[in-house]
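This briefing looks at a single protein model with sheet, helix and salt-bridge geometry in view. Please keep the sequence and the coordinates at hand while reading.

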Amino acid sequence: MINKIEENVKILLKDIFKNGDTIISYRNSGTPEIKTPLFIRNKNDIDFLTIDNFNVNNLSVYLSKFEQGEIGLAENNGRIIITAKPCDAKSIIQMISDEQIDKERIVLVVYECDGVIDLKKLSRLAGELRQVETNEEYVNFTKLNGETGKINLNSVLLDKCLEGSCGLPYFYNYYFVGNEKSFNERIIKRSKPHKLIIQTLKDKKELKKIVEDELSKCIRCNACRNICPACFCSDRCVFDKPKLPVELLEKDVSLTENVLFHLIRFYHVFPNCTGCGECERVCPQGIKLNIFYKYINEIISTEFGFTPGSTDSARQPLLSYRLGEDLV
């Protein structure tokens, strides 16, 4: 099925591509299980793209105004056609809702996805690989020493792919490649029962220790900030203002400074966070960053009936005020 999805994505892109457009997608690298972002400005290069279970990156980060300038899209007046997994499409929807990108300029192509492989899990179970391919049930691989094997696909998927939160976004006109009905059925079948988040299971003292243990690992490399599609102040980030009369953070890494960094970033990002998990995936220290964002997202969902990335037409409640609403 994966090969068919890739083939149909290429057919669609060749049909809708116009001179001046830029396509953002994925391509193979020199390592079989690693795919890299691909920027296509020539229709003939569409054949280089690849769609499979190793398309890890959330490509929506390239749509921010800062990144568009960095990769030359700001000067290009053509459309930006972007291929996206359903979970990543939500980030694009939220960016449109937050008026961070021009809705009229974006052409969103969402493709059916059976989940994304967690490269850390795969490495632990299979080691270094010479060749790898997947189907709907298994990951088939050949190791560097020539040994072959297979692993159940579900055992190496990213945790977010097993939580049933990757349903399709609504209220936005996008192309969908695949079968929406069978996709939704598979998502329901694969999903694990909802797990209570850690904030509901621990008392304040235990939570404080968890926060300190996690954030004490931070080396403030900014990987989480730079990969986050909801962190769209990249070119004017408050942490990158050396000319300010007050420095928000000391240069030395310490628990106190780490907590301050993550709290400021947390309050900037959580109303827009769609739970793509990129911050946690790229963290070189393995900090469990999602435990902070999942908690507040559940509160927003319960209190306001709003899920970031679900619609491009509703302003998120924490940035909005309705007449008659109580002021807190």
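In which sense do strand 1 and strand 2 pair, and over how many bridges? Strand 1 (residues 22-28) and strand 2 run antiparallel to each other and are joined over six bridges, where two strands pair if DSSP finds at least two bridges between them, and where helices (H or I, at least four residues) and strands (E, at least two) are DSSP runs, numbered from the N terminus. The model is predicted, so local features need pLDDT of at least 70 and side-chain atom pairs count only at pLDDT 80 or more, whereas totals for chains, interfaces and linings use all residues. Residues are numbered from 1 along each chain as its sequence is written, and side-chain values use heavy atoms, with hydrogens and water left out.

- Five strands make up an open sheet of mixed pairing, in the order 2-1-3-4-8.
- Strand 2 and strand 8 are its edge strands, each pairing on one side only, and the twist from one strand to the next averages 30° (axes are lines fitted to C-alpha atoms, for helices over the stretch in contact, and angles run from 0 to 180 degrees between N-to-C directions).
- Within the pairing of strand 1 with strand 2, Ile24 stands opposite Phe39 of strand 2.

**Helix 3**

- Helix 3 (residues 86-97) packs on the sheet and touches strand 1, strand 3 (80-84) and strand 4 (106-111), contact meaning heavy atoms within 4.5 Å; the direction of helix 3 makes about 160° with that of strand 4.
- The 12 residues of helix 3 should span 16 Å at 1.5 Å a residue, and its end C-alpha atoms, 17 Å apart, agree with this; the expected span is 1.5 Å times one less than the number of residues.
- Helix 3 is mostly covered, 12 of its 12 residues being buried, and the buried residues include Cys87, Lys90 and Met95; buried means under 20% relative accessible area, exposed over 50%, and partly exposed in between (1.4 Å probe, protein chains only).
- Just after helix 3, Glu99 takes a positive phi of about 60°.

**Salt bridges**

- A search of the whole structure finds 11 salt bridges, each defined as a side-chain nitrogen of Lys or Arg within 4 Å of a carboxyl oxygen of Asp or Glu.
- One of them joins Lys10 to Glu6, with the closest N and O atoms 3.1 Å apart; both residues lie in helix 1 (residues 2-16), four residues apart, about one turn of the helix.
- An α-helix has 3.6 residues a turn, so residues three or four places apart point the same way.
- Lys10 is buried at a relative accessible area of 14%, and Glu6 also counts as buried, at 17%.
- Asp47 and Lys14 meet through their side chains in a salt bridge of 2.8 Å, N to O; Asp47 lies in the loop between strand 2 (35-40) and helix 2 (65-70) and Lys14 in helix 1, so the pair ties together parts that are 33 residues apart in sequence.
- Asp47 is partly exposed, at 46%, and Lys14 is partly exposed, at 31%.
- Lys121 forms a salt bridge with Asp159, the closest N and O atoms being 2.8 Å apart; because Lys121 lies in helix 4 (residues 119-126) and Asp159 in the loop between strand 7 (148-152) and strand 8 (175-177), the pair ties together parts that are 38 residues apart in sequence.

**A loop residue**

- Asp114, in the loop between strand 4 and helix 4, counts as buried at 7% relative accessibility.
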